[in-house]
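Dear colleague,

I am handing over the structure below, and I would be grateful if you could look through it alongside the notes that follow.

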Amino acid sequence: MNGGPAGQDAHRPVLLDEALDALAIRPHGVYVDGTFGRGGHAAGILARLGPEGRLWLVDRDPEAIAVARARHGDDPRCTIAHGRFDELPGRLEAAGLLHRVDGLLLDLGVSSPQLDSAERGFSFMREGPLDMRMDTSRGVTAREWLEQVDEKTLSRALRDYGEERHSRRIARALIRAREDGALPETTGALARLIAENVPGRPEPGKHPATRSFQALRIAINGELEALDALLERICDLLAPGGRLVVISFHSLEDRRVKRYIRKQSTVGDLPPSVPVAPEALQPRLRSVGRALRPGEAEQAANPRARSAVMRVAERLP
Ligand SMILES: C[S@@+](CC[C@H](N)C(=O)[O-])C[C@H]1O[C@@H](n2cnc3c(N)ncnc32)[C@H](O)[C@@H]1O
């Protein structure tokens, strides 16, 4: 929460100047920060917006929203919304903002305060309950998920969302522990059980449970589904010339964003015999520049930035 222990609220925005430049902020424009976190990017957007500008601040984490309300609740330019970013199209439509958004920013994944709070259960470095929900007001915790998931689904989640080579072995060990009434209760216990089932030497600088924790987090929060669902509607939200800026932290996210932008940037290639409206054959986005990574100085100052990749696209008229 806002008044947490020192350091717990710190989150350095990644690629801050680059993201703000990429949004090409116009003072009177309508902008959306779909992942408020601790508001580093949002503060930068607000600093570039004039009094007529609008900024929607969205996060599924109630703690992030509490910070947004405390900080920007009195700012008439801001609309603060608790929920998943894929719920945005419905909300923006209700506000009459379809095809009117000049810039939408997604800075994906978890925030430092989420990772740093032991009680949120995201980190194997801190002993805490197995929760891992970004939205603590709904959904099942990681522990509840592990209590009911079948071995095949678990193994597939570890493989697909964590790119974990030993997914089968870890899944089997977890299911066996559950059958023995010994399913881990805490992040530390889970990390130890996973580590015992990752054979061979650990990857340098990487805890053996890193991949599995990432996979569980992505699975229980439905992170990729939320991203896919929002991407599908992006072109309905953006105004002509409006910008989409996405910062991803692993290849599963970045691949989706890259493919989506590529697909929307190319002319449809249906054979002429298939009857389609002419607009369905028009590219709807143009990719702006290349994928951008943080420079050495930012990576050195902020280890979280190391895996970041930013992609930018612009809505074509
Ligand atoms: C990397 S942090 C954002 C940090 C932020 N840009 C800043 O400068 O402080 C990611 C945030 O996105 C939120 N988030 C992740 N997936 C989300 C989703 N599908 N819908 C809404 N919020 C989401 C998380 O709760 C977290 O607070």
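Contact here means heavy atoms within 4.5 Å, and helices (H or I, at least four residues) are DSSP runs numbered from the N terminus. The model is a predicted one, in which local features need pLDDT of at least 70 and side-chain atom pairs count only at pLDDT 80 or more, while totals for chains, interfaces and linings use all residues. Residues are numbered from 1 along each chain as its sequence is written, and side-chain values use heavy atoms, with hydrogens and water left out.

I begin with helix 7 and helix 10. L154, A157, L158, Y161 and G162 in helix 7 meet R211, S212, Q214, A215, L216, I218 and A219 in helix 10. The residues of this contact divide into eight nonpolar, three polar and one charged, where Ala, Val, Leu, Ile, Met, Phe, Trp, Tyr, Cys and Pro count as nonpolar, Asp, Glu, Lys and Arg as charged, and the others, Gly among them, as polar. Helix 7 (residues 151–162) packs against helix 10 at an angle of about 105°, with the axes 8 Å apart; axes are lines fitted to C-alpha atoms, for helices over the stretch in contact, and angles run from 0 to 180 degrees between N-to-C directions. That makes helix 7 roughly perpendicular to helix 10 (65 to 115 degrees counts as roughly perpendicular, under 35 as roughly parallel, over 145 as roughly antiparallel, and the rest as oblique).

Helix 7 also packs with helix 8 (residues 167–179), their axes coming within 8 Å and crossing at roughly 140°, which makes helix 7 oblique to helix 8. On the helix 7 side the contact is made by E151, L154, S155, L158 and R159, and on the helix 8 side by S167, R168, I170, A171, R172, L174 and I175. These residues divide into six nonpolar, two polar and four charged.

Helix 10 (residues 210–221) packs as well with helix 9 (residues 187–196), at an angle of about 125° and with axes 9 Å apart, and the two are therefore oblique to each other. In this pairing T187, L190, A191 and I194 of helix 9 meet S212, F213 and L216 of helix 10, a set that divides into five nonpolar, two polar and no charged residues.

Turning to the ligand, 25 residues surround it, the closest being R38, H41, D59, F85 and D107 (a residue is near a molecule if one of its heavy atoms lies within 4 Å of it). Among the polar contacts (pairs of N or O atoms within 3.5 Å), a polar side-chain atom of D107 lies 2.7 Å from a nitrogen atom of the ligand, whereas a polar side-chain atom of Q114 lies 2.9 Å from a ligand oxygen atom.

Note on methods:
A polar contact is a pair of N or O atoms within 3.5 Å; within protein, one must be able to donate a hydrogen and the other to accept it, and residues adjacent in sequence count only if both atoms are side-chain atoms.
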